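Trainee: I would like to learn how to read this structure. Please show me.

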Amino acid sequence: MRGLPPLPVLRLGRRLLIRADALMQWMLSLELREAEGQRLRGCLGDNAMLPKSTALSVKRIGDVTLYQADSFDLMPELGDVDAIITDPPYNPKTHKGARSARSLASSQIDFDSLTEAQFIEFCGNAVSQAKRWVVMSCAWQHAAQLEKAGVPLVRLGIWHKPNGAPQFTGDRPGMGWEAIAILHREGKKRGNGGGHHAVWVCNVEHGEHPTQKPLKLVEDWRAKFTDPGETILDPFMGSGTTGVACVKLGRKFVGIEKRPDYFQLAGVPHP
Ligand SMILES: C[S@@+](CC[C@H](N)C(=O)[O-])C[C@H]1O[C@@H](n2cnc3c(N)ncnc32)[C@H](O)[C@@H]1O
């Protein structure tokens, strides 16, 4: 919670003065804060993580809180979480070149990419906000910048996609995998995977969202990097795959999605 606004006090030698009009203004700002707090508590219930002045919309269902917001604005307003499991936008080149059998002529990705600087900024914020792991699929070009930028990369893993799209031009090998960045702030680390390799083999699944991740893949991250009762944040939640994986096994979930159409999808149960 943010603290109270400072009382408008003037110091004159050893005396403290408060101007009457400044005091009135201060009291009014307290009343407005209280009224806004009551409005939000009415929407969310008393134990919600308040306040969220940058969210356009909020849905709360049990242990799940979903925000329609820009995560770069909203994340600083949220408190610490136990872990972050996410799938941020990739780099401009990957977005431009993304083709599928259903969309050969133009890219299938219709949301904005992240520049390298935005990606590094996000990772730095994520590592300081997560008490434990930050796990994400990301563009390999982005992942390759992490160590140089001083972000604590613990392991770079891969998601092998046996049924991934081939190279439709046929003039070079297809990609068939995506990078998985596994980060952790300085200090003791603990995982549930018993030293497993950071290699996941899982088929691509197609859903309503153009880059929806397979539930099985995200469920395995949840199992290996989080414990029951913990709060998991996905700041780029898309259709909400991470949320589905979390609530299935007793994790609390906070999701953020910028686009209203994908935000609507996130409330809908996955098949
Ligand atoms: C790669 S997709 C995530 C897909 C998701 N893993 C799923 O399974 O559906 C990234 C999502 O982040 C959203 N996004 C992009 N920039 C954002 C931002 N600054 N704040 C919040 N959401 C953002 C996009 O609209 C997109 O839906």
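Trainee: Among contacts in the chain between residues at least 6 apart in sequence, what share joins residues at least 24 apart?

Mentor: Two residues are in contact if their C-beta atoms, placed from the backbone, lie within 7 Å. Here 60% of such contacts join residues at least 24 apart. This is a predicted model, where local features need pLDDT of at least 70, side-chain atom pairs count only at pLDDT 80 or more, and totals for chains, interfaces and linings use all residues. Residues are numbered from 1 along each chain as its sequence is written.

Trainee: Which residues of helix α6 are buried?

Mentor: A residue is buried if 20 or more other C-beta atoms lie within 10 Å of its own, exposed if 12 or fewer, and partly exposed in between. Helices (H or I, at least four residues) and strands (E, at least two) are DSSP runs, numbered from the N terminus. In α6 (residues 215-225), Leu217, Val218, Trp221, Arg222 and Phe225 are buried. They line one face of the helix, because they fall within an arc of 140° seen down its axis, taking directions from the helix axis to the C-beta atoms. Their cover includes β6 (133-138) and α7 (241-248).

Trainee: How many residues does the largest nonpolar core have?

Mentor: A nonpolar core is a set of buried Ala, Val, Leu, Ile, Met, Phe, Trp, Tyr and Cys residues joined through C-beta atoms within 7 Å. The largest has 35 residues, with Ala83 and Val134 among those with the most contacts inside it. Strand β6 gives the largest share, five residues. Apart from this core lies another, of eleven residues, including Leu66 and Phe236.
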